[in-house]
Amino acid sequence: MKNAESPPPAETGKRPAGGEDPASAFQVNGEAFFHSGDPAMPLLWYLRDVLRLTGTKYGCDTGNCGTCTVLIDGKARRACQVPMADLSGHAITTIEGLESNRLHPVQQAWIEQDVAQCGYCQSGQIMTVVDLLARKRRPGKDDIAAIANLCRCGTYPRIRSAIERALVLTRDSNK
Amino acid sequence: MSTRAALSRRRFLQLGLTASGALLVGFGKSAFARTTTQIELIGEDLVKLTGYVMIERDNGIVIGAPGCEVGQGVFTALPMLIAEELDVDWSRVRVIQLPYDEATDIKPADDVMHGNFNGISEGWKLMREAGATARWLLLQAAANAWATPVTNLHTEAGHVVHADGRKLSYGALARMAAALSLPTDPVALKDPRDFQLIGKPTRTADARAIATGQVRYGIDEYMSQVLVAVMLRCPHPGGSLESLDDKEARAIKGVVDVIRIEGPQPGEASAGILAAGVAVVAENTWAAIQGRRALKATWKPGPWQEESSSRLTASANALLDAAKDGIVLRKDGDFAGSRKRARLTLNARYELPFLAHATMEPPNALIDLRNDGALLVASVQDAPAAARMINALSGLALETIELRLPRGGGSFGRRLHNDFVAEAVLIAKLAGKPVKLMWMREDDLAHDLYRPFGMHELSATLDRRNRVAGWSHHCAATPLEWRTPVKQDASTASGCVETDGFPAGLVDNLDRIFHPLDSGMPRGAWRGQQHTFSAFAEQCFVDEIAAQTRRDAVDLRLEMLGASREIPYRGTGGPVFDSGRLANALKKCAELIRWKEKRSNGHGVGIACNFSFGAHVAHAFEVSMEDERLRIHRAVCVADVGRAVNPLGVEAQLMGATIDGISTALRLQVTVRGGQVQQKDFSDYPLLAMADAPDKIEVHIIESSLDPIDAYEVAIPSVAPALANAIYAATTVRIRKLPLLPELMRML
């Protein structure tokens, strides 16, 4: 069991110790967890400080920048805006848990199109696009314009081309 | 190669053999003091080395990247230079980030002008020499092994090949090569015609690690026993803590300590901490954040509590209205005389706001101070200065200070400053424990070292044939130095106006005069530096002259640039500026945007060009107003940055800088009221998002075989003027104040 107030080393005791109310469990990248610490703590700091899943980045505390975007039950959410109290029964996916042993088509497309410059916002961008492509097989102009994740390096044109490429890769893998 | 270059090369190349039989070729200040056996590289202990090539027994190639990657692409481009000369298959190369430490400082003070190893211009020779020397050693080793002259051998993708067809891998030769002495004569570098990797579009070396969330930035560093610190800083420049009630903060579970940090003294040099503050030290980030929120602090305002943006504007206007007692930066011919003879004199005044860096990863630093040394983990671009700062604040000897430089989440100039390192050291000293200092977004926006505020008054005198006979440029701006008394000499203008910027050397009568403006706001380097101010004022003004005299704005620029020639230039990127290369970039840009095409659809086209840091760049935009919304239909960037080592990376820099330039020019400003910064979140500092970014930036890189120039900063300065000129073309509204959008909405 994890306790936010005294984070144990990341490698120990990720699984529930037993005795907790199963209804309060939540999943992170397919593994069950319980949280006994401050219920107001945002998911972002749980992922980073407790689970050491540092692929989810801190960029602001207001949900404006999107660097902390994760999937909750498959939907893109700002981890800085979700308190731990709201997580019972939900499944969280971070960039680390997107795929195991291979690349998600969106990650593959990001690499092929060489999107990253500083790279810091890209986990959040990728998670947002994973959600978008799961919802829309053929996202339109407005869908792409609605991506509100900020990138200070200005990689937007390559994000666009990576989305195009991800669509092709997804279609190919579904054939 | 010059004698000096040869000497420095020998000074920095060092050679060694690892315990596992890998060959190392590195560079270090103390190369001669080290024997080959002192370099040890065992198993995972890679980060103990400085700049080097490492060849493993199984022919794996590891190349160390010096400097600090913050998105400018050096982590890929610098190792490419080594790999090219080493003649290895890039797909087999593993790039690792090198740490920095004083003992292995790879840069001689007399060889390089400024602080750190960050760019392709600096690495162009040194990196290739390192690769070529490693290859030379491998060739010698093979020649010895086969008892044949080196002339019978050549290299090919990580192998030495004999004329008779025999082949040995670098891995097999590494041990023998490491036993050889370094060449006494400089090793010849490849003929550029033989380049296989340089000039080839190459993806970011750690692209996969980024896309999978595996790259560790400074903020991602966790070590056992390290406490997290979050600071509350005095909101008043030069202010101090008056009272503190930390009872509630200390009661929060996980909070370990609350530490007061004394502010800098008035007049203290501006290199250290920015403000007085209170640090909450906790077991985790959330506890530290909550602890800070629970602090009850009152502050004594410093001497700047009356400062405001409107007052600064008024002071700048007053200085320019008086137009006297300025610091003369450059005076050619007789501007006043040209005014008397002029058919027409034009004037315009341009204003640029303070700007924040707003790196996506806010500043952070992890510091472990021990009795016998220190470890810093932080993305810093001036590592030598960071080391000196730790030394000054802790008393630890420089050679015991280790700096690890993780990939940084953006810099734009922010990580050239080490104020956050100083804070971390002070907190760690008082806490008696290793500390990771985290800056939150509000800290980042409200306590930055801002791009200076500036007002530029330009005047041009036109002769009977509407030729620009005289040009005067008065700049009133807040100098880069702050907290110390304003210096009354030309050096104080650096960072605010480019002394030899356009059209110096092109117009016979030219005045460039600086009027320092006092302010309590911390100031610092910002991507593109003084060129962002100079180019906005100059390139908008050329457009205004063209409009007033009914000239074509491209023709007027070309006329002013005149015949292709080299013009003396004292700024970075000198000693000359090539008017022909700038004219070429401008012409190409005009061609791509279809400048001459008549547009009847309400679209307007604007153009601008600029020389900075050795690069010749032009931008053009096609815009229109639709439902009171500015739409950018096309964006073109043409750049001559010399040889593009990695065209894919150069394109990314030019594209990204263009978008950064648009973002900044349209909406961004930091404002001051009651001596305090008004911006605290991205909602107050609205970076451009996907919705407002052009779908495409049309980038054209001019082919060149001249030495490469870093592309990181050079494509910012011409963006804002090209946009303002395009807005004028579309709307006839001339905007002389940044950011453009609030002004446009006010004037429409």
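Helices (H or I, at least four residues) and strands (E, at least two) are DSSP runs, numbered from the N terminus. Within this pairing, B:H473 has B:R512 as its bridge partner in β23(B). Bridge partners here include B:K331 with B:D511 and B:V328 with B:I513.

These pairings belong to an open sheet of five strands in chain B, with mixed pairing and the order β15-β23-β22-β21-β16. Its edges are formed by β15 (327-332) and β16 (344-352) of chain B, each of which pairs on one side only. From one strand to the next, the twist averages 10 degrees. Axes are lines fitted to C-alpha atoms, for helices over the stretch in contact, and angles run from 0 to 180 degrees between N-to-C directions. Two residues count as in contact if their C-beta atoms, placed from the backbone, lie within 7 Å.

Strand β23(B) is mostly covered, with eight of its eight residues buried. A residue is buried if 20 or more other C-beta atoms lie within 10 Å of its own, exposed if 12 or fewer, and partly exposed in between, the C-beta atoms being placed from the backbone. In a regular strand the side chains alternate between the two faces of the sheet. On one side of β23(B) the buried residues are B:N509, B:D511, B:I513 and B:H515, and on the other B:L510, B:R512, B:F514 and B:P516. Helix α4 (residues 170-178) of chain B is likewise mostly covered, with seven of nine residues buried; among them are B:Y170, B:L173 and B:A177.

Chain B as a whole comprises 18 helices and 31 strands, and 57% of its 748 residues are buried. The radius of gyration of chain B, 27 Å, agrees with the value near 27 Å for a compact globule of 748 residues; the radius is taken over C-alpha atoms, and the globule rule is 2.2 Å times the number of residues to the power 0.38. Along the principal axes, the C-alpha atoms of chain B fill a box of roughly 80 × 70 × 45 Å. Of the contacts in chain B between residues at least 6 apart in sequence, 76% join residues at least 24 apart.

Residues up to four places away in sequence aside, B:V421 touches B:A365, B:L376, B:A378, B:V380, B:A386, B:M389 and B:I390.

Between the chains, 49 residues of chain A are in contact with 52 residues of chain B. The elements giving two or more residues to the chain A side include α3 (122-135) and α5 (156-174) of chain A.

Residues are numbered from 1 along each chain as its sequence is written, and chains are lettered from A and ligands numbered from 1 in the order in which they are written. For this predicted model, local features need pLDDT of at least 70 and side-chain atom pairs count only at pLDDT 80 or more, whereas totals for chains, interfaces and linings use all residues.

Technical notes:
Two strands pair if DSSP finds at least two bridges between them.
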